[in-house]
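Please keep the sequence and the coordinates at hand.

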Amino acid sequence: MNVKELVRECVLTIKPYKPGKPIEEVKRELDLKTVYKMASNENALGPSPKAMQAIKKALPGINRYPDGNCFYLKKALAKKYRLRPENIIIGNGSDELFVLAMLAFIEPGDEVIVAEPTFLMYKLDAQLFEARVVSVPLKAFRYDLAAMKAKITSRTKLVFIANPDNPTGSYVTRKEVEQFLKDLPDNVIVIFDEAYFEYVEACDYGDCLRYLNRGNVIVCRTFSKAYGLCGLRVGWAAGSREIIAYMNQVRDPFNVNQLAQVAAEAALTDTRHVEKSRRLVSDGRKYIYAELKAMDLFFVPSVTNFILINIGPESAAVYEKLLRRGIIVREMTAWGLPNFLRVTIGTKKENQLFVKALKTILFSKKGA
Ligand SMILES: *Cc1c(COP(=O)(O)O)cnc(C)c1O
């Protein structure tokens, strides 16, 4: 049997997403006792303690199917962000929400506009739906919203805007977003992916929930980053009642597990943990910036918990050397940025270890 003849053509052409290396895998492969992961923009503080408590309490109930409607989580989100539950859908990570939007809205041949480079899942998902992916280059490591708008045609269905962006850590301003949304053709749905929303402190950044009443906007948020729950997979999207209803129509009935639901609901009330995470990131970012400047390395200013750094042509080798020292960062070749590494801001200790290792590798004979 020739399985290759049976598989869908778009599956053959897709380059699968390569996640950051898991700690256990690096320990095993390199025979290391201690490994630090600064590769996947996870929360170095750990999960919200309130979330862990909630999970313990909910454990005896996992013989039952979860609430397919995520009633309490939606209610809590609606209250916090002054939305109605019918304007909210919960996903198995925001990754699932992108797929649900495509399941609901994409026909083969429809155009999906993405930036290049940006978060890779938009393009991968779109390819699986046999959409035509229209890529628009970044300008000085920022989304070029005017150029993206210029690419809209009558076949365009979705435009993805990561704000803040990953892997650059840059953002588009409220003014730029408003310019983009002004007189937008009404065959287009814009997905604002605000995965790092909680970390942003820039005052000209505007969250996009305010645009929901336009009817053509979906805002995705996640519990994976600042809330520290990426291992549980919970994200949420807000949109018009109609958009959300169609996305609900195509999702699995039990797409979000019960532990994830109660943990997310509890994490939402844990403002102390989010505040602590924000401070850890802001302090760590300042420290790493100063050290990178001292090393004369170019980096993209970030409003998130990661930094994109130009290491130069030795970038891949530096990545390997960091790995052998037990520090996992992200190598950026898959994003078309072979000279770059992306490092997630960690604990104070992790940041110091990273800086020290990088210095040794780049500037001392011992680093060779
Ligand atoms: C991490 C990340 C996500 C994925 O979030 P999940 O909720 O864990 O699926 C989405 N978008 C961007 C830009 C991210 O960096």
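K21 counts as partly exposed, at 21% relative accessibility, because partly exposed denotes the range between buried (under 20% relative accessible area) and exposed (over 50%), with a 1.4 Å probe and protein chains only. Its side chain meets that of E29 in a salt bridge (3.0 Å, N to O), and E29 is exposed, with a relative accessible area of 52%. A salt bridge here is a side-chain nitrogen of Lys or Arg within 4 Å of a carboxyl oxygen of Asp or Glu. The model is predicted: local features need pLDDT of at least 70 and side-chain atom pairs pLDDT 80 or more, whereas totals for chains, interfaces and linings use all residues. Residues are numbered from 1 along each chain as its sequence is written, and side-chain values use heavy atoms, leaving out hydrogens and water.

The structure holds 18 salt bridges. In one of them, E275 pairs with R278, the closest N and O atoms being 2.9 Å apart. These two residues are separated by about one helical turn, because they stand three residues apart in helix 12 (residues 271-294); helices (H or I, at least four residues) and strands (E, at least two) are DSSP runs, numbered from the N terminus. E275 is partly exposed, at 33% relative accessible area.

D207 and R221 form another salt bridge, with 3.4 Å between the closest N and O atoms. This pair links distant parts of the chain, 14 residues apart: D207 lies in the loop between strand 6 (189-193) and strand 7 (217-222), and R221 in strand 7. R221 is buried at 1% relative accessibility, while D207 is partly exposed at 22%.

The domain organisation comes next. The domain assignment gives domain 1 (7-46 + 272-363) and domain 2 (49-270), with bounds taken from an automatic or database assignment. Domain 1 and domain 2 bury about 2700 Å² between them, 67% of it on carbon and sulfur atoms; buried area is the accessible area (1.4 Å probe) that two parts lose on being put together, summed over both. Y17, V303 and W335 supply 23% of the area that domain 1 buries against domain 2, more than any other three residues. Two salt bridges are found across this interface.

Finally, V7, V11, L12 and L128 form a nonpolar surface patch with about 280 Å² of accessible area together. Patches consist of residues with over 30% relative accessible area and no salt bridge, like charges being joined within 9 Å and nonpolar side chains (Val, Leu, Ile, Met, Phe, Trp, Tyr) within 5 Å; the areas come from the Shrake-Rupley method with a 1.4 Å probe, and for residues only the protein chains shown count as cover. L12 belongs to helix 2 (residues 9-13) and is partly exposed, at 45%.
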